[in-house]
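Open the model in your viewer and keep the selection tool ready. We will go stop by stop.

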Amino acid sequence: MLRYFAPLTLAALLAAPAMAQTAPTVAVPTTPAEKNAVINAELPADQAAMKAHVMFLASDNMRGRDAGSPEFDIAAQYVASQFYAAGLRPAGDDGSYLQRVPLLSFKPAGQGSFTLTPKGKGATPISLEFGKDYVPSADPTKAETKVEGQVVFVGYGITAPSLGRDDYRGVNAKGKIVAFFSGAPAGFPGEERAHLGSPATKAVIAQEHGAIGYITIESPVTAKTRPFSPAGWDRVRMTWQRADGTGFFAAPNTPSLGTISIAAAEKLFAGSKTPWATVAKLAESDGAKFKAEVLPTTLSVSLTTDTKPVVSYNVAGIIPGSDPTLGSEVVILSAHLDHVGVGRPNAKGDTIYNGAMDNAVGIASLIEEAKRFKASGKPPRRTIMFLAVTAEEKGLVGADYFAHNPTVPKDKMVANVNLDMPIITYKFSDIIVFGAPRSTLGPIVEKAAAGIGVTISPDPMPEQGLFVRSDHYRFIQQGVPSVFLWPGAAGPGKTAIDTFFAGNYHQPSDEIVQGPPIDWESGVRFIEINYTIARAIADADERPVWNKGDFFGTLFKGPIAK
């Protein structure tokens with residue numbers, strides 16, 4: 001799962017003080033004999049099949065399955081072979097199971113330059129200092145980016161009429177550079193907040209208002225916990241390539257130019273109608289509404305970007321629908337195949353981030369669900385696609401590429417059920433279903449849960465906005481109703497989830513032996529409920545639709561939005 005939150009923060013959210021529990025002590029095997037005993041423990045056939053996939057995909061030899069690595073390519077071939085064995089038809093490129101994904105890594109090629117020119121004849125330009133006043137962004141759409149324009153301050157940079165928010169009210173941003181604070185008001189519903197607080201969403205909003213670029217201002221609130229720093233400014237990011245070889249960005253006409261510090265903001269606001277001190281004081285109140293203002297300052301920015309093409313693959317197989325009318329419609333079951341590769345050593349010197357739970361378990365579930373469909377002897381009425389995507393850990397990139405370049409007609413994609421990092425270290429008695437209340441998928445999920453004797457619990461961490469933080473979000477952006485399931489936090493769930501995030505998430509210990517013991521019986525139950533949901537969607541008379549007035553259904557207006 002993509003790293004959007006600090007593990008310890010999430011752990012604290014899941015373990016409220018009144019319900020705090022002590023994590024169970026688990027004997028971790030240390031000798032070769034003990035490790036082999038754990039790995040080779042006999043299991044029922046369905047559990048053994050699931051474990052076998054995870055053993056291969058999360059082995060040290062796969063070196064963390066980093067997107068674009070040779071080991072990821074081997075993992076993709078493994079999944080393709082399993083799809084073949086399950087009887088799926090190829091649904092990739094040119095009659096194969098593989099869809100080539102042209103990735104593009106990018107990073108700043110230098111420190112760039114930021115120059116402020118105050119309003120007034122003969123005003124002296126002010127060169128901002130790298131690392132103290134600003135850090136530059138990288139622009140995947142071009143090697144050199146030069147932007148000059150008057151600056152408009154637009155608060156959080158959000159336009160959301162349904163939430164009573166229009167930070168652009170009263171100003172014309174056309175041909176100008178917009179400046180805003182990061183994030184979104186905490187008072188917004190969690191999923192809407194996560195969407196609207198995304199830099200990509202803000203870039204799209206800015207482009208819709210005609211802005212030629214945007215800068216992010218350090219907030220007085222974030223300055224207390226995450227002070228402005230150049231650390232990591234030149235890290236590598238990733239997107240996918242368009243047909244012309246340029247990198248995809250949701251708002252290509254309005255690039256991110258960089259981030260400026262509070263010290264630079266004071267210079268930017270010099271001579272403005274609203275002094276910076278007033279804006280900064282207002283920013284200390286979460287959810288404050290700012291008055292948009294054209295600042296008496298021109299900003300000139302010059303950036304350079306290094307790019308490098310990287311090839312990776314999505315893996316796609318289908319079971320064709322049997323209904324003469326509904327068979328052309330496609331229900332997509334997705335899971336990400338990549339993890340984060342090789343990184344910093346832990347206390348034991350282990351550098352391989354195996355990604356057993358994240359997300360070899362999800363891929364194993366995907367494969368075994370395909371087998372269940374074939375073993376049922378009853379073809380689904382709608383076509384079922386099983387899709388293993390790349391580069392989720394890079395920003396949901398493989399799913400985004402597929403959603404923009406599907407190997408099936410885009411308007412025939414009717415639903416997405418996403419399988420990402422189910423934590424199956426305990427006997428779960430409830431499930432959390434992100435997104436279910438937003439569409440007619442809700443009743444389908446409820447019935448499936450009842451069928452295996454579990455209840456549905458509300459999202460215990462709505463402020464994290466997980467509904468928009470895994471691959472299903474890319475289908476949502478195309479208007480496709482989607483759900484994402486996790487075993488719930490009832491009973492031992494809180495402690496199990498807390499333990500995983502605190503000690504294993506995106507760490508070398510996310511592996512079969514050194515990590516918390518995986519409950520393969522719970523894994524099979526997870527497969528069963530997702531199979532039941534996908535089967536119900538595939539065989540229903542009506543395709544899923546967004547609930548009337550839903551924020552995402554209204555916003556993205558896909559082919560099946562009301």
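Two rings of Phe, Tyr or Trp count as a pair if their centres lie within 6.5 Å, and planes over 60 degrees apart make the pair edge-to-face. This is a predicted model. By that rule, it holds 27 aromatic pairs.

**Stop 1: a ring pair.** Select F153 and F269. Their centres are 5.3 Å apart, with 70° between the planes, an edge-to-face pair. What does the pair tie together? F153 sits in strand 6, while F269 is in the loop between helix 8 and helix 9, so the pair joins parts that are 116 residues apart in sequence. Both F153 and F269 are buried.

**Stop 2: sequence neighbours.** Now pick F500 and F501. The ring centres are 5.9 Å apart and the planes meet at 80°, so this pair is edge-to-face. F500 and F501 are buried.

**Stop 3: a residue over a ring.** Show F428 and R525. R525 lies over the ring face of F428, 4.3 Å from the ring centre.

**Stop 4: helix 12.** Select residues 441-451. Which residues of helix 12 are buried? They are L441, G442, I444, V445, A448 and A449. These cover an arc of only 160° around the axis, which means they share the same side of helix 12. On the other side, P443, E446, K447, A450 and G451 are exposed. Next, show what the buried residues pack against: strands 16, 17, 18 and 19, and helix 15.

Technical notes:
Residues numbered from 1 in each chain as written. Predicted model: local features only at pLDDT ≥ 70, side-chain atom pairs only at ≥ 80, totals over all residues. Heavy atoms only, no water. Phe/Tyr/Trp six-rings, centres within 6.5 Å; stacked < 30°, edge-to-face > 60°. Helix = DSSP H or I, 4+ residues; strand = E, 2+ residues; numbered from the N terminus. Buried < 20%, exposed > 50% of the residue type's maximum accessible area, 1.4 Å probe, protein only. Lys NZ or Arg CZ within 6 Å of the ring centre and 35° of its normal. Arc of directions from axis to C-beta. Contact = heavy atoms within 4.5 Å.
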